[in-house]
Amino acid sequence: MRLSPLYDTDPVGPVPQGAFLNGVVAVETLLPPQELLRSVKGVEVAMGRAPSERWGPRSIDIDILLYDDEHIDSADLTVPHRELWNRRFVLAPLRDVASDALLVEAIDTRLRELGDAAAVRLLERETRR
């Protein structure tokens, strides 16, 4: 439905590595949350993701940030994403695709609280459909 611009972001965690590219896609799906998770993990494998150390470099990492207004807390899926509100590199592109005014307002407030806007740099400015 909507695709954010890409952001060049500093890595998070204890493992030295290069910058990451981050973006957010808003999708509409008939898949229930657990099936959607299996599907995106399949995409990761198809794109060459291999098991690696926690917080280490990876070719792709797809997370489910939100799923409608649902709250899910299972062994393999937490929605909203556990670190959503602590990560500028997630919130900045999420704001670009958010269509709910209350969500946009909450994101704006949290981005101001987080500070350090330099750690997340917009890479492209064109609008995507």
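**Close-up views of a predicted model**

**View 1. Three strands, in the order E3-E2-E7, make up an open sheet with antiparallel pairing.** Because E3 and E7 stand at the edges with a single partner strand each, one side of each lacks a neighbour in the sheet. On average, neighbouring strands are turned by 30° against each other, direction ignored; axes are lines fitted to C-alpha atoms. Strands (E, at least two residues) and helices (H or I, at least four) are DSSP runs numbered from the N terminus, and two strands pair if DSSP finds at least two bridges between them. This is a predicted model, in which local features need pLDDT of at least 70 and side-chain atom pairs 80 or more, whereas totals for chains, interfaces and linings use all residues. Residues are numbered from 1 along each chain, and side-chain values use heavy atoms, without hydrogens and water.

**View 2. E2 and E3 pair in the antiparallel sense over three bridges.** Asp8 stands opposite Leu21 in E3. H2 packs on the sheet, where it touches E2, E3 and E7, and its direction makes about 170° with that of E2; such angles run from 0 to 180 degrees between N-to-C directions, with helix axes fitted over the stretch in contact (heavy atoms within 4.5 Å).

**View 3. Helix H2 (residues 88-97) is mostly covered, with eight of its 10 residues buried.** Buried means under 20% relative accessible area, exposed over 50%, and partly exposed in between (1.4 Å probe, protein chains only). Among the buried residues are Phe89, Leu91 and Val97. The buried residues of H2 pack against several elements, including strand E1 (2-3), E4 and helix H3 (101-114).
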